[in-house]
Number of protein chains: 2
Amino acid sequence: MSEYRYDRLHNRWVIVGSQRAGRPHEFEEQVVRRSVDPCPFCAGNEHQTPDALAIYPGAADNGWSVRVVPNKYPAVEPSPAANGAAGNHELFASRPALGQHEVIIESPRHIASLSELTPDECTLVFSAYRDRLQVLQAAGQFRYVQIFKNVGAAAGASIEHSHSQLLALPHVPLHVADELENCRRYLQQQGQALLSALQQEELARGERIVAESPHLVAFCPWASRFPYEIWIVPRQQQPSFATVPSGEIGEVAALVQELIGCIERALGPVGYNFLLHSQPFDTSRYDYYHWHIELFPRITKVAGFEWSTGVFINTTPPEIAAEELRTARLPAGKNLTAVPNRKTS
Amino acid sequence: MSEYRYDRLHNRWVIVGSQRAGRPHEFEEQVVRRSVDPCPFCAGNEHQTPDALAIYPGAADNGWSVRVVPNKYPAVEPSPAANGAAGNHELFASRPALGQHEVIIESPRHIASLSELTPDECTLVFSAYRDRLQVLQAAGQFRYVQIFKNVGAAAGASIEHSHSQLLALPHVPLHVADELENCRRYLQQQGQALLSALQQEELARGERIVAESPHLVAFCPWASRFPYEIWIVPRQQQPSFATVPSGEIGEVAALVQELIGCIERALGPVGYNFLLHSQPFDTSRYDYYHWHIELFPRITKVAGFEWSTGVFINTTPPEIAAEELRTARLPAGKNLTAVPNRKTS
């Protein structure tokens, strides 16, 4: 049985159904790692990266735990001289690719997944996200910062050593603008913030809930585009990640780390992406928006139908995914770093 | 140097710039083929598929050249009983996944790419596309048919034997509705069909043109999402592929085959997708729309930034891609099937 399911946050339909899951697969992809030696993100090789923008000290003398550096191969650049000029031809419009592209190196040790960080390292990673949002907002020249993470070849990582990235942009990108508009309209129509209503209903039904913590709820969304997709949403209506209180950052870090551990225990050492959506840098009151994280393993391919139509086909219903992920949770107090080693070398 | 480039057909921005192309890649993916034996699409194994919906005879006695069969693992199904019921909860809306999912088996021989078809086989494949559009339009229960092709593991193929697919749908999907709206608005504003204006300007500039034929133009679009992306557009304003004259089908087939050959000679035996967009099945006059084909090798990964923002980063500017693809064209009269064998077994 399949059905179209509507994703109200993104205003899109997804085909959810498991009968295609049984089809034969003639292809299997294997990842071969060609190590870059020395790894530019390991302790001792700091000269391989541009100078750090922020350093979070570690336990050892003179050691660091998290380093934020400019991306050596940036997609966008702060200097207008490094960019193309604006072009106003009605068919070939262009704009300078202004922006800032940074890398958050998550540990001095050569590990491959966020699940292998110590709890303290992981808290510092999420502190760095929040601090960079604050610094880049204060800089005054950007309207939005996109934070994201690619782990493994299937998720588009090019370097194994665990890291996240951010792009500071002079505009609000398409998907974020769409989410904001869909949330604004929902408040107008229903008198409630969309992600407040959604989490309440998910908590009442329970079947798609994966985990909860005092300030956060994690669930597999109704119209998941990808198998085992998880959204992490704050219980309070909190539009910006830049203003999450220091005392709550460790809770976010621990929950995301636990959920990645669940994915890796349920599915093995798979590639995954996550993205952090937060409000734009302006003075509007986004009292209809929640910052949130979307996390998804990359275990299926996006193919011609998705590229043609914008409609995703998901062969793992989120109710089944949530149940498998709940089953993969560790008992409270268990060491979360005891996940399979995902290194491919 | 990078720049944002605007894609007027899809109303989206792309970051185009080559400096990220130099970054190190620690991961290499290798494809292992686990052959399904016997191959359900090879001659002699017709009983492995559901009964054919259409058969195009081949040269040999009793032989076929192209077979159209129902997909054995459909994403959508014609019978309401096979589908979920509609759900109208404001957060969890759903609709039955009504539709029809078909496979076009392109040859009785076990080949892996459209470039390996004989010219006659390839013409029959495109005839089948046109005929199925006509049949499914006449059936009266669908509003749109999406034809697409996945070749290789990276492009989401699950079976090696060369085939295309189509989904007949009861609605016009997101991306097609967006294209129609963007073309409608362009005609209103500029007094000309967008894909007429675009091909004229591309022909005048020349730098992104890859190939031409009497009724068709092929170019790498200004704001290509993917490296080496090619659009194939009819010179005349022709909104439906269902009404392409029989005498022109062979020309479409030959051009697409030549372009896939160019991609394979320029890049090696890579995976690729193509999609055919054509007008919906209704009585509106789509005098602002052109049917067209979008063809792209899948040589890069879609990663966290693209999933977060909807903004693609393309490290091969289309001007460079078009030049490489032109260089990879064969002299007129050369046998187009002489491409590298892409089988992985």
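Biologist: How many helices and strands are there in chain A? And in what order do the strands of its open sheet run?

Modeller: This is a predicted model: local features need pLDDT of at least 70 and side-chain atom pairs count only at pLDDT 80 or more, while totals for chains, interfaces and linings use all residues. Residues are numbered from 1 along each chain as its sequence is written, with chains lettered from A and ligands numbered from 1 in the order in which they are written.

Chain A has six helices and 15 strands (DSSP runs numbered from the N terminus: helices are H or I with at least four residues, strands are E with at least two). In chain A, 10 strands form an open antiparallel sheet, in the order 4-5-7-9-8-13-14-12-11-10 (two strands pair if DSSP finds at least two bridges between them). Its edges are strand 4 (54-57) and strand 10 (209-213) of chain A, each pairing on one side only. From one strand to the next, the twist averages 15° (axes are lines fitted to C-alpha atoms, for helices over the stretch in contact; angles run from 0 to 180 degrees between N-to-C directions).

Helix 1 (residues 119-139) of chain A packs on this sheet. Helix 1 touches strand 4, strand 5 (64-70), strand 7 (100-105), strand 8 (144-151), strand 9 (163-169) and strand 13 (272-277) of chain A (contact: C-beta atoms, placed from the backbone, within 7 Å). Its direction makes about 35° with that of strand 5 of chain A.

Inside the sheet, strand 12 (residues 230-234) and strand 14 (residues 292-297) of chain A run antiparallel, joined by three bridges. There A:I232 has A:I293 of strand 14 as its bridge partner.

Strand 4 (residues 54-57) and strand 5 of chain B run antiparallel over four bridges. B:Y56 stands opposite B:V66 in strand 5. This hairpin has six residues between the strands, and B:N62 takes a positive phi near 60°. Strand 5 of chain B also pairs with strand 7 (residues 100-105) of chain B, antiparallel, over four bridges. Here B:R67 has B:I105 of strand 7 as its bridge partner. Five of the seven residues of strand 5 (residues 64-70) of chain B are buried, so this strand is largely enclosed by the rest of the structure (buried: 20 or more other C-beta atoms within 10 Å of its own; exposed: 12 or fewer; partly exposed in between; C-beta atoms placed from the backbone).

Now back to chain A and another helix. Helix 4 (residues 246-267) of chain A has 22 residues, which should span 32 Å at 1.5 Å a residue; its end C-alpha atoms are 33 Å apart, which agrees (expected span: 1.5 Å times one less than the number of residues). Its buried residues include A:I249, A:V252, A:L259 and A:I263. Just after helix 4, A:G268 takes a positive phi of about 90°. Across chain A, buried residues make up 51% of the 345 residues.

Last, the two chains together. In all, 74 residues of chain A are in contact with 75 of chain B. Strand 3 (residues 27-33) of chain A gives the most to its side, with seven residues. Seven bridges join strand 3 of chain A to strand 3 (residues 27-33) of chain B, and the two run antiparallel. A:Q30 stands opposite B:Q30 there.

Methods
Two residues are in contact if their C-beta atoms, placed from the backbone, lie within 7 Å.
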